[in-house]
Each structure stands twice: as structure tokens, then as C-alpha cells.
Amino acid sequence: MLVPAELERTWVVIPAFNEAQVIAATVTSVLKRFANVVVVDDCSVDGTGEIALAGGTHLCRHPVNLGQGAALATGIAYALGRGAEAIVTYDADGQHAVDDAVHMVDMLRSRQVDVVLGSRFLGQTVGLPIARRLLLGAAVFYTRLSTGLRVTDAHNGLRVLSRAAAQRIAIRQNRMAHASEILEQIAEMKLPFVEVPCTITYTDYSRSKGQSWRGAVTILADLFIRRLHR
Amino acid sequence: MIFQAILVVALSVLVLYALGQRRRSGPISLVIILASVAGMLLVLFPEMSTIVANRLGIGRGADLVFYVFMLIMFAAVANLHVRMRIHSEATTALARQIALSSARQPDTRS
């Protein structure tokens with residue numbers, strides 16, 4: 001395994017829930033470029049966590065299912081505890097390209113920002129269904145409206161956070177609304193960020209796991225409820 | 001008179017229950033006691049509700065009771081919601097702590 005010095009203190013956090021079909025391929029490709037990978041198994045029932053551990057990642061396992069946001073927060077806490085200087089968030093379903101993640105870690109350093117966001121709309125998107133494109137467009141519109149951030153993608157699982165940013169961002173949305181929540185906090189704290197094109201490969205598998213219109217309604221409801229008692 | 005008797009007994013039980021819960025959640029048990037006593041008065045003197053309703057600009061006593069019921073229900077739902085949220089945050093913190101303290105590392109011998 002060839003890991004450049006600057007990636008030694010970089011941690012990749014992969015939240016996973018019932019991803020046994022794909023997790024092995026995902027961790028294998030990530031471990032080719034990153035030495036430190038933690039999979040947060042959100043109480044899967046299909047052995048996802050064990051597969052990841054056998055594949056060479058660290059493993060945190062929630063004793064109850066909490067949601068992707070909670071899994072990310074757990075993984076980030078674990079990485080910070082291990083002295084991570086940069087933290088990559090990465091989806092388990094294999095939709096991201098590991099080279100994009102490496103490039104984004106480089107950007108974090110070279111552009112001296114606290115957050116690097118992947119954007120599928122600046123990059124290539126393979127096999128994105130039209131309904132999903134419309135839905136993501138609506139999410140981007142909502143994010144621009146509510147945070148004022150000029151982003152081109154809102155619900156992309158690929159991000160890089162500096163240690164300082166990871167310490168300050170508090171993910172309290174346990175389910176899927178954390179993506180908007182992270183952007184809201186970036187806006188509130190005025191954390192310097194850049195967006196970087198990234199490739200997302202939609203497979204039948206990732207399409208079936210992704211967000212639907214119903215999911216979007218749940219996300220909006222979660223965000224609204226949070227507003228009620230902040 | 002049978003139904004009035006049932007209601008008075010039920011509301012009395014509620015008052016006793018609320019008195020028992022006083023130490024655990026003071027304000028809520030006070031609200032339950034006040035509402036139950038008011039309920040008993042209305043059961044025994046139904047015309048009272050119409051008098052109060054007219055004072056407040058509502059036509060019928062039954063309407064007043066209905067509106068107050070709605071308000072109490074809304075407050076109860078809001079209260080339960082906040083409690084659920086607190087519980088879910090506690091569960092999250094607990095689950096996270098367990099996940100972090102039982103984290104496993106990859107086998108580095110290979």
C-alpha cells in the first residue's frame with residue numbers, strides 16, 4: 001500500500017447500513033489510497049460491519065439503528081479521537097471515486113480551506129435518472145435559499161473536513177437531513193470552503209438506496225422540527 | 001345521573017393520580033388537577049359552561065369546552081414531542097459512546 005505522508009493523518013469515514021453486497025468493493029478501493037478508514041455500521045443485520053473489518057477498516061458499530069447522520073457523527077468523533085487532521089466522508093454504496101477523495105484532500109491543503117465539497121453537477125455524472133436530477137436541483141435551490149451558500153450540489157456524501165471544521169460542526173440530525181445541516185453550519189460559521197467536481201456513478205444498487213421524493217419530505221420535516229427548538 | 005357519576009369518579013381518580021405525580025412533574029400535575037376539578041364542576045353544573053362561554057364571547061358552553069380541549073391536547077402533544085426529542089438525543093449519545101468504546105481495529109498482522 002502506497003500512502004503519501006500527507007494522507008497519514010487523513011481518515012475516511014464510511015457510514016453503512018445493510019450494505020453487505022457492496023461494502024467489500026468500496027473499502028477495497030478506498031484502502032488502495034487511504035491508510036485510515038473507519039466504517040460505522042449503523043446496526044446492520046447483514047454482516048456489513050464484519051465484512052468491512054475483515055477488509056481492513058476500523059469498525060464502530062451502533063447498538064441500535066440511528067440513521068446516516070448519527071453514523072457520520074460517530075465516525076467523525078472516532079477519527080478525531082485518533083488524531084485525524086483531515087476527515088473524508090464517503091458513501092458506502094460505491095458511488096464515489098476514490099481518486100476524487102484524494103484530490104479533495106489535496107485541495108483542502110493547497111487552497112487553505114476548512115471544507116471541500118464534492119459536486120456531481122460540476123463533474124461527471126453517470127446514469128443519473130431525470131427524476132433524481134430534478135429532486136437534487138430542488139435540494140440545491142432550497143440550500144441556496146436557506147443558507148445563502150453558492151453551492152451546486154446539496155446532498156453529496158463526499159466531503160473533506162479539516163480537523164478544526166470537524167470539531168466545530170455538530171451533526172444533530174440523525175437521519176438524512178444532516179447534509180443540509182452541515183451546509184447550514186458552514187454558512188453560519190463562515191467556514192471557508194470550495195466545491196470540487198466529482199464523479200458519481202449511479203448503479204441500480206445506488207439508485208435503489210438513494211433518496212426519493214418521500215425522503216425529501218422527511219428531510220424538510222426534520223429540518224423544520226429542528227428549527228422549532230434550537 | 002349515571003353518566004355524571006361515572007365522570008365524577010373518573011375525574012377524581014385523575015386528581016388522585018396527579019397528586020401522586022406531583023413531585024415528579026409539578027406543573028403538569030397542577031394543570032391536570034385544575035382541569036379535572038373544572039371538569040367536575042362542569043359535569044355537576046353544566047349551565048356554568050354557557051355562562052363562562054358567553055362572557056368570553058363564545059355562543060355555547062359545549063364549544064368552549066371543545067376549544068379548551070383542543071388547546072390542552074396541543075400543549076400535551078408539544079410536551080410529548082419535546083420529551084421524545086430529549087430521549088432520542090440521549091439514546092444517540094449512549095449508542096455513540098458504546099460504538100466508540102467497543103470500536104475494533106483491523107488485524108494488522110496480514
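Colleague: Okay, so a helix here is a DSSP run of H or I with at least four residues, numbered from the N terminus. Where is the place of T48(A), then?

Modeller: T48(A) is in helix 2 of chain A. Keep in mind that this is a predicted model.

Colleague: Is T48(A) buried or exposed?

Modeller: T48(A) is buried, with a relative accessible area of 0%.

Colleague: Which side chain does T48(A) join in a polar contact?

Modeller: The side chain of D46(A), in a polar contact of 2.6 Å. Leaving aside residues up to four places away in sequence, T48(A) also touches A16(A), N18(A), E19(A), A20(A), I23(A) and D41(A).

Colleague: Switching to charges. How many salt bridges are there over all chains?

Modeller: A search of the whole structure gives seven. One of them links D99(A) and R33(A), at 2.5 Å from N to O. D99(A) is in helix 4 (residues 98-110) of chain A and R33(A) is in the loop between helix 1 (23-31) and strand 2, so this pair ties together parts 66 residues apart in sequence.

Colleague: How accessible are D99(A) and R33(A)?

Modeller: D99(A) is partly exposed at 48% relative accessible area, and R33(A) is partly exposed too, at 32%.

Colleague: What about R120(A), which partner does it form a salt bridge with?

Modeller: With D153(A), where the closest N and O atoms are 2.7 Å apart. R120(A) sits in the loop between strand 5 (115-119) and strand 6 (125-126), while D153(A) sits in the loop between helix 5 (130-147) and strand 7 (159-162), so the pair ties together parts of chain A that are 33 residues apart in sequence. R120(A) is buried at 3% relative accessibility, and D153(A) is buried at 4%.

Colleague: Now the interface. How many salt bridges does the rule find across chain A and chain B?

Modeller: Two. In one of these, E89(B) meets R172(A), with the closest N and O atoms 3.8 Å apart. That pair goes from helix 4 (residues 61-101) of chain B to the loop between helix 6 (163-168) and helix 7 of chain A. E89(B) is partly exposed at 35%, and R172(A) is partly exposed at 42%.

Colleague: And how many residue pairs are in polar contact between the chains?

Modeller: Five, counting pairs with both residues at pLDDT 80 or more.

Colleague: Let's do aromatics. How many pairs are there over all chains?

Modeller: Two aromatic pairs. W11(A) and Y78(A) are edge-to-face, 5.8 Å centre to centre with 85° between the planes. W11(A) is in strand 1 (residues 10-16) and Y78(A) is in helix 3 (residues 68-81), so the pair ties together parts of chain A that are 67 residues apart in sequence. W11(A) is buried at 4% relative accessibility, and Y78(A) is buried at 8%.

Colleague: And what are the values for F66(B) and Y67(B)?

Modeller: Their ring centres are 6.2 Å apart and the planes are at 55°, so that pair is tilted. F66(B) is partly exposed at 46%, and Y67(B) is partly exposed at 43%.

Colleague: What is phi like at C43(A)?

Modeller: Near 65°, a positive value in a residue other than glycine. Most residues other than glycine have a negative phi. C43(A) is found in the loop between strand 2 (36-41) and helix 2.

Colleague: And what about K190(A), what is its phi?

Modeller: K190(A) has a positive phi of about 55° although it is not a glycine. K190(A) lies in the loop between helix 7 (178-188) and strand 8 (193-197) of chain A, and K190(A) is exposed at 70% relative accessible area.

Notes: Residues numbered from 1 in each chain as written. Chains lettered and ligands numbered in written order. Heavy atoms only, no water. Phe/Tyr/Trp six-rings, centres within 6.5 Å; stacked < 30°, edge-to-face > 60°. Helix = DSSP H or I, 4+ residues; strand = E, 2+ residues; numbered from the N terminus. Buried < 20%, exposed > 50% of the residue type's maximum accessible area, 1.4 Å probe, protein only. Salt bridge = Lys/Arg side-chain N within 4 Å of Asp/Glu carboxyl O. Polar contact = N/O pair within 3.5 Å; in protein donor to acceptor, adjacent residues only side chain to side chain. Contact = heavy atoms within 4.5 Å.
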